[in-house]
Amino acid sequence: QVQLVESGGGLVQAGGSLKLSCAVSGRDLSRYAMGWFRQAPGKEREFVATIYWSAGNSYYADSGKGRFTISRDNAKNTVYLLMNSLKPEDTAVYYCAAGGYSIFESAYLYWGQGTQVTVSS
């Protein structure tokens, strides 16, 4: 059974940084794209970033460009999201997903349970 487990969330002050991790077990996902999505209270889940299986290509939502960096270590079956210069509006539950290289949720086959990120002003 495939499992994606996020970690690294927490409470941080505005301007601070967090690095989220997503560990994958149950399948070698080195040939899948990986993505990060987030869902703020009362809002729909939205795309944050995605990285191609070879880690050569990545794409970001405008909200994270210049502040967020997605990376992956296929040997460790882990994907990361480094978030710098955090803002209160980044507060959300962050989910990692595995599947297609896409901004759309429907392209992803496997999802984690999410990790809470709270940014205080």
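Trainee: Let me start with K19: why does K19 count as partly exposed, rather than buried or exposed?

Mentor: Good place to begin, and keep in mind that this is a predicted model. K19 has a relative accessibility of 47%. Buried means under 20% and exposed means over 50%, so a value in between is called partly exposed. That is why K19 at 47% counts as partly exposed.

Trainee: Where is K19, and what sits across from it in space?

Mentor: K19 is in strand β3. K19 and L82 are 63 residues apart in sequence, yet their C-alpha atoms are 4.3 Å apart in space.

Trainee: How do you know that the charged end of K19 sits over the ring of Y80?

Mentor: The distance from the ring centre is 4.7 Å, and the limit is 6 Å, with a further condition on the angle to the ring normal. The pair is listed as a charge over a ring, with K19 over Y80.

Trainee: What makes Y32 and Y110 an aromatic pair, and why is it called edge-to-face?

Mentor: Two values are needed here, because a pair of aromatic rings is described by the distance of the centres and the angle of the planes. For Y32 and Y110 the centres are 6.2 Å apart and the planes are at 75°. Rings pair if their centres lie within 6.5 Å, and planes over 60 degrees apart count as edge-to-face. Y32 and Y110 therefore form an edge-to-face pair.

Trainee: Why can we say that this pair ties together parts apart in sequence?

Mentor: Y32 lies in the loop between β3 and β4, while Y110 is in strand β10, so the pair ties together parts that are 78 residues apart in sequence.

Trainee: Are F37 and F47 buried or exposed?

Mentor: F37 has a relative accessible area of 1%, and F47 has 10%. The cut-off for buried is under 20%, so F37 is buried and F47 counts as buried as well. These two residues also belong to one aromatic cluster with Y59, Y108 and W111. The structure holds eight aromatic pairs.

Trainee: How do you know that C22 and C96 are joined by a disulfide?

Mentor: A disulfide is a covalent bond between the sulfur atoms of two cysteines. In C22 and C96 the sulfurs are 1.9 Å apart, and the cut-off is within 2.5 Å, so the pair qualifies. A search of the whole structure finds one disulfide.

Trainee: Why is it called right-handed, and which parts does it tie together?

Mentor: The torsion about the S-S bond of C22 and C96 is about 45°, so the disulfide is right-handed. C22 is in strand β3 and C96 in strand β9, so the parts it ties together are 74 residues apart in sequence. At a relative accessible area of 0%, C22 is buried, and C96 counts as buried at 0% too.

Trainee: What makes N77 worth a look?

Mentor: Most residues other than glycine have a negative phi. N77 has a positive phi of about 50° although it is not a glycine. N77 is in the loop between β7 and β8, and at 16% relative accessibility it counts as buried. S85 also has a positive phi, near 50°. S85 lies in the loop between β8 and β9 and, at 40%, counts as partly exposed.

Trainee: Which residues line the largest cavity?

Mentor: N77 is one of them, and the others are V24, L29, M34, R72, D73, N74, T78 and V79. By class, the lining has four nonpolar, three polar and two charged residues. About 50 Å³ of space lies in this cavity.

Notes
Residues numbered from 1 in each chain as written. Predicted model: local features only at pLDDT ≥ 70, side-chain atom pairs only at ≥ 80, totals over all residues. Heavy atoms only, no water. Phe/Tyr/Trp six-rings, centres within 6.5 Å; stacked < 30°, edge-to-face > 60°. Helix = DSSP H or I, 4+ residues; strand = E, 2+ residues; numbered from the N terminus. Buried < 20%, exposed > 50% of the residue type's maximum accessible area, 1.4 Å probe, protein only. Lys NZ or Arg CZ within 6 Å of the ring centre and 35° of its normal. 1 Å grid on protein atoms, 1.4 Å probe; cavity = no way out; pocket = protein on both sides within 12 Å on 5 of 7 lines; lining within 4 Å. Points joined across faces, edges and corners; volume = space filled by probe spheres on them. Nonpolar A, V, L, I, M, F, W, Y, C, P; charged D, E, K, R; others polar.
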